[in-house]
Amino acid sequence: MIVLGVILLVVGFIIGIPILWTIGIVVLVIGLVLLLMGSMGRAVGGRRHYY
């Protein structure tokens with residue numbers, strides 16, 4: 001999810017589409033939150049780790 005967020009940010013910046021930039025930020029933040037919660041040992045959605 002983090003990689004997808006970064007890809008959307010880059011594509012949105014290069015092409016100049018602001019909705020891709022916004023979606024990229026949202027996906028990146030969600031991915032980082034899931035990574036943080038997984039690294040603390042808290043199972044989220046039945047999974048202990050999100051990579």
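Val27 touches Met1, Leu4 and Gly5, leaving aside residues up to four places away in sequence. Contact here means heavy atoms within 4.5 Å. The place of Val27 is in helix 2. At 15% relative accessibility, Val27 counts as buried. The cut-offs are under 20% relative accessible area for buried, over 50% for exposed, and partly exposed in between (1.4 Å probe, protein chains only).

This is a predicted model, in which local features need pLDDT of at least 70, side-chain atom pairs count only at pLDDT 80 or more, and totals for chains, interfaces and linings use all residues. Residues are numbered from 1 along each chain as its sequence is written, and side-chain values use heavy atoms, with hydrogens and water left out.

**Overall make-up**

The secondary structure of the protein chain comes to 2 helices and 0 strands. Helices (H or I, at least four residues) and strands (E, at least two) are DSSP runs, numbered from the N terminus. Helix 1 spans residues 2-15. Helix 2 spans residues 18-39. The protein chain has 51 residues, of which 22% count as buried. Among contacts in the protein chain with a separation of 6 or more, 24% are between residues 24 or more positions apart.

**How the helices pack**

Two packed helices are described by the angle between their axes and the distance between the axes. Here the axes of helix 1 and helix 2 come within 7 Å and cross at roughly 160°. That makes helix 1 roughly antiparallel to helix 2. Angles over 145 degrees count as roughly antiparallel, under 35 as roughly parallel, 65 to 115 as roughly perpendicular and the rest as oblique. Axes are lines fitted to C-alpha atoms, for helices over the stretch in contact, and angles run from 0 to 180 degrees between N-to-C directions.

Which residues make the contact? Helix 1 contributes Ile2, Leu4, Gly5, Val6, Leu8, Leu9, Val11, Gly12 and Phe13. Helix 2 contributes Leu20, Trp21, Ile23, Gly24, Ile25, Val27, Leu28, Gly31, Leu32 and Leu35. The residues of this contact divide into 15 nonpolar, 4 polar and no charged. Ala, Val, Leu, Ile, Met, Phe, Trp, Tyr, Cys and Pro count as nonpolar, Asp, Glu, Lys and Arg as charged, and the others, Gly among them, as polar.

**C-alpha distances across the chain**

| Pair | Separation in sequence | C-alpha to C-alpha |
|---|---|---|
| Ile19 and Leu8 | 11 residues | 9.5 Å |
| Trp21 and Gly5 | 16 residues | 8.9 Å |
| Val27 and Val3 | 24 residues | 9.1 Å |
| Leu4 and Gly31 | 27 residues | 9.1 Å |

Leu4 is found in helix 1. Leu4 is partly exposed, with a relative accessible area of 46%. Ile19 lies in helix 2. Ile19 is exposed, with a relative accessible area of 53%.

**The aromatic pair**

Trp21 is found in helix 2. Trp21 touches Leu8, Leu9, Gly12 and Phe13, not counting residues up to four places away in sequence. The structure holds 1 aromatic pair. Phe13 and Trp21 form this pair, which is tilted: 6.0 Å centre to centre, with 45° between the planes. Rings of Phe, Tyr and Trp (its six-membered ring) pair if their centres lie within 6.5 Å; planes under 30 degrees apart count as stacked, over 60 as edge-to-face and the rest as tilted.

Is Phe13 buried or exposed? Phe13 is exposed, with a relative accessible area of 64%. Trp21 counts as partly exposed, at 38% relative accessibility.
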